[in-house]
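Here is a short briefing on one protein model. Please look over the sequence and the coordinates first.

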Amino acid sequence: MDVRNCRSCKRLFNYLTGPVMCQACKEKLEEKFQEVKEYIRNNDMATIASVSEECDVAVKQLKQWVREERLVFSNEECSGIVCENCGKPISTGRFCSGCKNNLQNSLSSALHKQPEKKIEKSVKDREKMRFLKS
Ligand SMILES: [Zn+2]
Ligand SMILES: [Zn+2]
């Protein structure tokens, strides 16, 4: 048994996997996530700072959700997130679409994939960006 202190409420709990957080706090965080998602959906120009303030969530947490591609900002200038490769502002994930394509291309050529496959993949990725995972 692995008993740890919850990162959020400091209570002891039975740690299994993932973030060091008790079940109650995980659920609370998930509710918060839905609230944030809703807020961004209704506020086109929402910035990471305004979301943090309006929804009372740490900027660090918001950035983590964006990196995980769970949150997508409609305006990439507002997300406060930059491409880990070239530093361009992005709306979600870790890389801008250009760098993503480059990475995918080098990955596919390394695997000797057909060009058609590449196109298919980038279309799929774009679809994914349009919708938020819950
Ligand atoms: Zn807790
Ligand atoms: Zn980039």
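The notes below cover confidence, fold, cores and the metal site.

This is a predicted model, in which local features need pLDDT of at least 70, side-chain atom pairs count only at pLDDT 80 or more, and totals for chains, interfaces and linings use all residues; side-chain values use heavy atoms, without hydrogens and water. Residues are numbered from 1 along each chain as its sequence is written, while chains are lettered from A and ligands numbered from 1 in the order in which they are written.

**Confidence**
- The mean pLDDT (the predictor's confidence in each residue, from 0 to 100) is 86 for the protein.
- A score of at least 70 is reached by 83% of the residues.
- Strand 1 (residues 3-5) has the highest confidence, at 96. Helix 5 (residues 115-130) has the lowest, at a mean of 56.
- Where pLDDT is low, predicted coordinates should not be read in detail.

**Fold**
- The protein has 5 helices and 4 strands. These are DSSP runs numbered from the N terminus: helices are H or I with at least four residues, strands are E with at least two.
- Their order from the N terminus is β-β-α-α-α-β-β-α-α.
- Of the 134 residues, 31% are buried (under 20% relative accessible area; exposed is over 50%, partly exposed in between; 1.4 Å probe, protein chains only).

**Cores**
- The largest nonpolar core has 19 residues. A nonpolar core is a set of buried Ala, Val, Leu, Ile, Met, Phe, Trp, Tyr and Cys residues joined through side-chain atoms within 4.5 Å.
- V36, V51, L62, W65 and L71 touch the most other members.
- Helix 1 (23-42), helix 2 (48-55) and helix 3 (59-67) each supply at least two residues of this core. Helix 1 gives the most, with 4 residues.
- Apart from this core lies another, of 6 residues, including C6, F13, Y15 and C25.

**Zinc site**
- C6, C9, C22 and C25 coordinate the zinc ion (ligand 1) through their SG atoms, at 2.2 to 2.3 Å. Donors are N, O and S atoms within 2.8 Å of the metal (3.2 Å for Na, K and Ca); water is not among the atoms, so sites may look incomplete.
- The site is tetrahedral, with angles of 104 to 117 degrees among its 4 donor atoms. Four donors count as tetrahedral if all angles lie between 85 and 135 degrees.
- The donor spacing in sequence is C-x2-C-x12-C-x2-C.
- C6 sits in the loop between strand 1 and strand 2 (12-14), and C25 in helix 1, 19 residues apart.
- C6 counts as buried because its relative accessibility is 1%. C25 counts as buried at 4%.

Note on methods
Tetrahedral: all angles 85-135°; square planar, octahedral: opposite > 155°, others 65-115°.
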